[in-house]
Amino acid sequence: MVRGYRGELDLNNAQKTRCRKHAGAARWAYNYGLRRKQETYKAGQKTPTAIDLHREINALKPSEPWMYAVSKCAFQEGLRDLDAAFKHFFRKCRLKKEGTWKGKCGYPRYKSRKKAIGGARFTGSIRVFPDAIQLPRLGRLRLKEHGYFPLNGKISSATIHEQAGRWFVSICVHEEAKAPQPAAGDVIGVDLGIKRLATLSDGRTFENLKALRKKITALKRTSRHHGRKVKGSRNRQKAKQRLSRMHARIANVRNDALHQATAQIVARTKPDAERPRVIVLEDLHIAGMLKNRQLARAIADVGMYEFKRQILYKAEQAGVQVLLASRWEPSSKTCSWCGWVNEALTLSDRVFVCLECGSVQDRDANAARNLAALAQ
């Protein structure tokens, strides 16, 4: 089993400078490789691979002294990322010819240091300590969270990257996967919404924190301040940092709410009898829902796709089965008591009133119970 761990680094100024150099070297290698591939393609020659381009960079090192200050991994992994980008580009082109891909193919573009600092990936000798991690050429870097990274796993790679002025490290660990015990709890239906993040068939609800909606006014104001600064000035750089920190704060609040909700639903740490044996979700067409201009921002603020992704991988680790109901299933329009279908139900109707049996239920709770019934 390959598992990723991510933690924040506690760096001093000298270490931040070295991290910036490695991120810049990876970006330079990516741009160099892209330029060389385009030149060979226009000349009708064979396109060089990442190995060929790395040999060219090694030949340039005597004339470029700054290259000796960074690890060779920064150049190697930057060129490998370029090969992967072209691989995905050609794959999407092939799918578009077949008619199975409707979006853009995504031709690789040059990376600019004006947009983001980026990061760098390391391979080889990587050691993990309870409070630090040791990387090639960077040395021992302190971690803000102690005891989170595994000490005995086989680490294949480590990636450092900058986000809103903070540096993080992600490691890829190969672990022995243990088969989880099958859960034996009740079936749970989960209905996602905008007003509430999730409504469960057992009566539990998880509120939507609306991270973007609560900060949208401050975000607009900060964005205007950034746009009014002179390009290239120190004040514009400070405004950019404030704007990036606000975007990161909004994303962190949303991700924290999603992780807490999905962890409580899956209940991986509880006994087998208390974990749900089946979780039923709707297979929603998120891209189509986002075309509604009146609700697009609210739908995107929920993070429905991320909720589904977390449920799927956490349930797999906990021995819980996940069923995806059809997106055309009338779960909200069907009475969970008698099965009567209200075809005239609209999105503004938040209470479901059955004209057949007379039951009055919350719309989302009724849909969650219908989803749970599908597992039977």
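These legends walk through several close-up views of the structure above.

This is a predicted model, in which local features need pLDDT of at least 70 and side-chain atom pairs count only at pLDDT 80 or more, while totals for chains, interfaces and linings use all residues. Residues are numbered from 1 along each chain as its sequence is written, and side-chain values use heavy atoms, with hydrogens and water left out.

**View 1. A look inside the largest nonpolar core.** This core has 25 residues, and Leu9, Ile133, Leu135, Ile160, Val169 and Ile171 touch the most other members. (A nonpolar core is a set of buried Ala, Val, Leu, Ile, Met, Phe, Trp, Tyr and Cys residues joined through side-chain atoms within 4.5 Å; buried means under 20% relative accessible area, exposed over 50%, and partly exposed in between, using a 1.4 Å probe and protein chains only.) Elements giving two or more residues include β1 (2-10), α1 (13-42) and β7 (166-174). The biggest giver is β7, with four residues. (Helices, H or I of at least four residues, and strands, E of at least two, are DSSP runs numbered from the N terminus.)

**View 2. Val169 and its neighbours.** Leaving aside residues up to four places away in sequence, Val169 touches Tyr5, Arg6, Gly7, Leu9, Ile133, Leu143, Phe149, Ala158, Thr159 and Ile160. (Touching, or contact, means heavy atoms within 4.5 Å.) Apart from this core lies another, of 23 residues, with Val190, Ala261, Leu281 and Ile286 among them.

**View 3. Arg55 and Asp52 on one helix.** These two form a salt bridge, with the closest N and O atoms 3.2 Å apart. (That's a side-chain nitrogen of Lys or Arg within 4 Å of a carboxyl oxygen of Asp or Glu.) Both sit in helix α2 (residues 50-60), three residues apart, or about one turn of the helix. Arg55 is exposed, at 55% relative accessible area, whereas Asp52 is partly exposed, at 30%.

**View 4. Arg121 meets Asp81.** Here the salt bridge spans 2.7 Å, N to O. Arg121 is in strand β2 and Asp81 in helix α3 (residues 72-98), so this pair links distant parts of the chain, 40 residues apart. Arg121 is partly exposed, at 23% relative accessible area, and Asp81 is partly exposed too, at 30%.

**View 5. Arg350 meets Asp364.** Their side chains form a salt bridge of 3.2 Å, N to O. Arg350 lies in the loop between β12 (321-325) and β13, and Asp364 in helix α9 (residues 363-374), so the pair ties together parts 14 residues apart in sequence. Asp364 is buried, with a relative accessible area of 8%.
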